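Subject: Structure handover

Hello,

Here is the structure for you to look over. My notes on what was found follow below it.

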Amino acid sequence: MEYVKAFVIGGLICALVQILLDKTKLMPGRIMVLLVCSGAFLSAIGLYKPFADFAGAGASVPLLGFGHLLWEGMKKSIAENGFLGLFMGGFTACATGVSAALIFSYLASLVFKPKIKD
């Protein structure tokens, strides 16, 4: 049941984003930034944590979850390091995920040939 709930909620988030892409003139990069900022904002006002607990991976995998992760890392780092934590917390909280994305992207670039023709 947990998988079904994650699939449905994650799918709803993706469907809403697809509607944004289709019905507005927002570029995909701006929508991605909007999602990350929305996740951080919802975390700041205390709404995202209960939603993530209910939805599981359906809420933590999309970009909303990345914003939540950044906010939680900054909040923890600010408590430990003061003002300087504002600049350190987001990097330490998401370092593993970003590092994995970079490493696997590089490996994929070695395996697959580009499809651009000169």
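Helices (H or I, at least four residues) are DSSP runs, numbered from the N terminus. Buried means under 20% relative accessible area, exposed means over 50%, and partly exposed lies in between (1.4 Å probe, protein chains only).

A word on provenance: this is a predicted model, where local features need pLDDT of at least 70, side-chain atom pairs count only at pLDDT 80 or more, and totals for chains, interfaces and linings use all residues. Residues are numbered from 1 along each chain as its sequence is written, and side-chain values use heavy atoms, with hydrogens and water left out.

Back to H3. Its buried residues are Tyr48, Ala52 and Ala55. They span an arc of only 75° around the axis, which places them on the same side of H3. The arc is taken from the directions from the helix axis to the C-beta atoms. Gly56 follows H3, and its phi is positive, near 65°.

**Helix H1**

H1 covers residues 2–23. How far apart are its end C-alpha atoms? They are 31 Å apart, which agrees with the 32 Å that its 22 residues should span at 1.5 Å a residue. The expected span is 1.5 Å times one less than the number of residues.

The buried residues of H1 are Ala6, Ile9, Gly10, Ile13 and Val17. Their arc around the axis is only 95°, so they sit on the same side of H1. Phe7, Leu12, Asp22 and Lys23 are exposed on the other side of H1. What do the buried residues of H1 pack against? Their partners are helix H2 (28–44), helix H3 (48–55), helix H4 (57–60) and helix H5 (63–81). Contact here means heavy atoms within 4.5 Å.

**Salt bridges**

The structure holds 2 salt bridges. The criterion is a side-chain nitrogen of Lys or Arg within 4 Å of a carboxyl oxygen of Asp or Glu. Side chains of opposite charge can pair when their charged atoms come close.

- Asp53 and Lys49 pair at 3.6 Å, N to O. These two are 4 residues apart in helix H3, so about one helical turn separates them. Asp53 is exposed, at 53% relative accessibility. Lys49 is partly exposed, at 47%.
- Lys75 and Glu72 pair at 3.6 Å, N to O. Both lie in helix H5, 3 residues apart, about one turn of the helix. Lys75 is partly exposed, at 44%. Glu72 is partly exposed too, at 29%.

**Ser77**

Ser77 is also found in helix H5. Is Ser77 buried or exposed? With a relative accessible area of 7%, Ser77 is buried. It touches Gly82, Gly85, Met88 and Gly89, leaving aside residues up to four places away in sequence.

**A nonpolar surface patch**

Ile103, Phe104, Tyr106, Leu107, Leu110, Val111 and Phe112 form a nonpolar patch on the surface. Together they have about 800 Å² of accessible area. Areas come from the Shrake-Rupley method with a 1.4 Å probe, and for residues only the protein chains shown count as cover. Patch residues have over 30% relative accessible area and no salt bridge; nonpolar side chains (Val, Leu, Ile, Met, Phe, Trp, Tyr) are joined within 5 Å, like charges within 9 Å. Leu107 lies in helix H6 (residues 85–111). At 41% relative accessibility, Leu107 is partly exposed.

Best regards
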